[in-house]
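Come along and check each entry against the view.

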Amino acid sequence: MTSDDKMYISYNNIHKLCKTTASKILSAGPVDVIIAISGGGLIPSRIIRSFLKVNGKNIPIQAIGLSLYENMGSEEYEETIGKEVVRTQWLDLATLEKKIDSILGKRILIVDEVDDTRTTLHYALSELEKEIEKQQEKTGRTNEKTEFSIFVLHNKTKPKKADLPADMFAEGRYYAAEEVPDKWLCYPWDAQDIDEHTKFATEQGNI
Ligand SMILES: O=P(O)(O)OC[C@H]1O[C@H](OP(=O)(O)OP(=O)(O)O)[C@H](O)[C@@H]1O
């Protein structure tokens, strides 16, 4: 039996959430680049990419690593952003600068699995926007609009510790496949026993 304070989510459920949300994202136009927030955003990024494909063209996925500071010691990580988030991996700028057209003036989808306190998404968006501004100034392409959207599987309905810009919501650029209560979300990639996990997810209807 599952406990009520935990919500189990199956791989099938995640696949379906990606499919449903991809069609909404695509109805606002094609996505040029996906930025996955590692580790939770990696699997959803790869799945949703299949549904965002237009004319058979694969969308590039860049990964950035952001982890909440309280979860780990900081010494081994390169850079601390603010007080609560550590940057464990960043955009491959050397490669990007050579192919700057692949990102400037494009539609970029930031992907994570959960919007909990919103701290991670707030830092991801604000740091990425700063990065784009830097690149625009460097290349003199300040008149081009690079547009960020966000996709998460689950948004926890709870008071948030950080904000996202109001226009992200007003313009419909924030996509949460599901609004969920503030429960412990059990994702399949954390499961030690995937059969038992899937059984629990099935019992809860998250299949
Ligand atoms: O909305 P927030 O309160 O910021 O929480 C959400 C973040 O927390 C988890 O990451 P975590 O720091 O545990 O790292 P991980 O993805 O590597 O597990 C999750 O993957 C999100 O990125």
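**Entry 1: helix α6.** What covers the buried residues of α6? Before I answer, a reminder to myself that this is a predicted model. I looked up the cover and found that it includes β1 (6-8) and β9 (184-186).

Next I wanted the buried residues themselves. In α6, which spans residues 194-203, they are His-197, Phe-200 and Ala-201. Looking down the helix axis, I see the buried residues of α6 within an arc of 100°, so they line one face of the helix.

Then I checked both ends.

**Entry 2: Asn-155.** I moved on to strand β7 (residues 147-156), where Asn-155 is found. Is Asn-155 buried or exposed? Its relative accessible area is 7%, and buried means under 20%, so I put Asn-155 down as buried.

I also looked up its contacts. Leaving out residues up to four places away in sequence, Asn-155 touches several others, among them Asp-115, Arg-118, Tyr-174 and Val-180. Its side chain makes a polar contact of 2.9 Å with that of Lys-160, and another of 2.8 Å with that of Glu-179.

**Entry 3: the ligand.** How many residues surround the ligand? I count 15, and the closest are Asp-112, Glu-113, Asp-116, Thr-117 and Thr-120.

I went through the polar atoms facing the ligand oxygens. Asp-112 places a polar side-chain atom 2.5 Å from an oxygen atom of the ligand. For Thr-120, a polar side-chain atom is likewise 2.5 Å from a ligand oxygen. As for cover, the ligand has 500 Å² of accessible area on its own, and the protein covers 80% of that.

Which elements supply the shell? I found at least two residues each from β3 (61-68), β6 (107-115) and α4 (119-139). The most come from β6, which gives four residues. Sorted by class, I have eight polar, five charged and two nonpolar residues in the shell.

Notes: Residues numbered from 1 in each chain as written. Predicted model: local features only at pLDDT ≥ 70, side-chain atom pairs only at ≥ 80, totals over all residues. Heavy atoms only, no water. Near = heavy atom within 4 Å. Polar contact = N/O pair within 3.5 Å; in protein donor to acceptor, adjacent residues only side chain to side chain. Areas by Shrake-Rupley, 256 points an atom, 1.4 Å probe, with all protein chains shown as cover. Nonpolar A, V, L, I, M, F, W, Y, C, P; charged D, E, K, R; others polar. Buried < 20%, exposed > 50% of the residue type's maximum accessible area, 1.4 Å probe, protein only. Arc of directions from axis to C-beta. Contact = heavy atoms within 4.5 Å.
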